[in-house]
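Open your viewer and switch to a cartoon display. This tour tells you what to select next.

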Amino acid sequence: MLKLLPKNPLTRWLLLTFMISLTPLSLQPIATTQITEENASSPSLSEKILGMERGLEQEFETYFDRNLAEVTQPPEEIARTLSRLSEETGSRSAVLWAIPRETHLHLVLITPDGDPIVRDLYDVPRSVLDTVTEEFHRDLINPLSPMKLEIAQQLHQWIIEPYEDNFLQAEGIETILFCLGDGLRGLPLAALHDGEQFLIEKYSLSRIPAFNLINTNYDPLELDQVLVTGASEFPEQVPLPAVPMEMWVIGRELRNHNQESDNYTQGQYFFNERFTQENLQNSLANTPFDIVHLATHAEFQQGDPNNSYIQFWDSQLTLDNVSELNWNNPPVELLVLSACETALGDEEAELGFAGLTLQSGVKSAVASLWYVSDSGTLALMSEFYQQLAMGKGKAEALRQAQIQMLRGNVHLTQDNLVLSRGALNLPSNWESLGRKDFSHPFYWGSFTVIGNPW
């Protein structure tokens, strides 16, 4: 059972202190936070935010050892871009930077309507934040243990609450683009909690390397050109036995969605021996795909980008070589990696994960921070493509899939995969797992949109 904390700050502080005293946790929760605010009309604030964006750009340029797009949009232009996107997408979006410093947590929010809002939390130095995020990760990756919501609430209090009532809710924000600094890039944002709801129940979410480094052009996602590839067996990797079922379900959703479309061309499918870099490269060179789905292992590891890779049948495509494929002529709208794992807590591994869209050139990616069970991935991806087929945008489709899992509407029975729109019969050769519940955040909290959320 999930543990809920009272909303009253004093009561919360007393209860948290008592609960932590009974556990081996080393963290000391902070009930109230010392916040300093910077005047939005300060002439230096715009340049400070540009400097922050340039610093983020430099981090990724150093990691990938190449030049990236130049940082040129000041806060006022970012606000105008958000306003344009709100009109084009019908969803109001905001950008929230959360940058850990040695002495404090630095927060900046820009919405379509106004000046940047700066909050510096001096009760949240880097050492305290690192302790809490490490405990949060350990808590989420154990699906056999009830989640301790007090940690999720503490992070929500620090990152979201300074803006929640007066800005996010007051301005009708529906989508938040998070730009996270070292120490937070691997944070499973969807699983933050306010005492009543998870963050994913309130907002569509994406994480971005920097606002100036993402493609902000809006083109509604089409489902008439999709490449679905993957493998279930690997010479030196653990098998992924649900991949054939995952690919079948995705194909089924695409066929059902496009059966009356004049523009639809049958998706391409490469499985096992045909799942090679050469076949992928040839397909990208010849077809302007909307979505490329890779149902395979992907590892974001410590060290240089050549230590991180996407596994193909016969080889590994390292992160430093991802840009050599023809992803962006025109840009692939969405790259999906359905079996990822990131070395959480390692700054270089998390830089690679957050920089996936930069290195590949795709507009958006969906990937997971940790490896989820084969059946859990099958369930989430199946629901995700159902939501895309219903016309949802990328981040909103993922949000709805996560909510359906959280609420128990997506699960496995003895013979069926139950999705929000009905049950699918499992093939006779599918290894029965009995009933499988996916409501624990372990199964849905790791998946995230990287880059353009629309």
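Helices (H or I, at least four residues) and strands (E, at least two) are DSSP runs, numbered from the N terminus. Colour the protein chain by these elements: it has 13 helices and 18 strands. This is a predicted model, where local features need pLDDT of at least 70 and side-chain atom pairs count only at pLDDT 80 or more, while totals for chains, interfaces and linings use all residues. Residues are numbered from 1 along each chain as its sequence is written, and side-chain values use heavy atoms, with hydrogens and water left out.

**Whole chain**

Select everything. Buried residues (under 20% relative accessible area; exposed is over 50%, partly exposed in between; 1.4 Å probe, protein chains only) make up 60% of the 454 residues. Now think about contacts, meaning heavy atoms within 4.5 Å. Of the contacts with a separation of 6 or more, 72% join residues 24 or more positions apart.

**Stop 1: H4 and H5**

Select residues 126–140 for helix H4 and 149–159 for helix H5. Their axes are 9 Å apart, at an angle of about 140°. Axes are lines fitted to C-alpha atoms, for helices over the stretch in contact, and angles run from 0 to 180 degrees between N-to-C directions. H4 and H5 are therefore oblique to each other. Angles under 35 degrees count as roughly parallel, over 145 as roughly antiparallel, 65 to 115 as roughly perpendicular, and the rest as oblique.

The crossing of H4 and H5 is left-handed: the near helix is turned anticlockwise from the far one by less than a right angle, whereas clockwise would be right-handed. Show side chains next. Val128, Leu129, Val132, Thr133, Glu135 and Phe136 of H4 meet Ile151, Ala152, Leu155 and Trp158 of H5. This contact has 8 nonpolar residues, 1 polar and 1 charged. Nonpolar covers Ala, Val, Leu, Ile, Met, Phe, Trp, Tyr, Cys and Pro; charged covers Asp, Glu, Lys and Arg; the others, Gly among them, are polar.

**Stop 2: H11 and H12**

Move to residues 374–389, helix H11, and 394–406, helix H12. Here the angle is about 130° and the axes lie 8 Å apart. That makes H11 oblique to H12. H11 passes H12 in a right-handed crossing. The H11 side of the contact includes Leu380 and Phe384, and the H12 side includes Leu398 and Met405. By class, 8 residues are nonpolar, 5 polar and 2 charged.

**Stop 3: the cysteines**

How many disulfides does the structure hold? The count is 0, taking a disulfide as a pair of cysteine sulfur atoms within 2.5 Å. Select cysteine 179: buried, at 0% relative accessible area. Finish on cysteine 340, buried at 0%.
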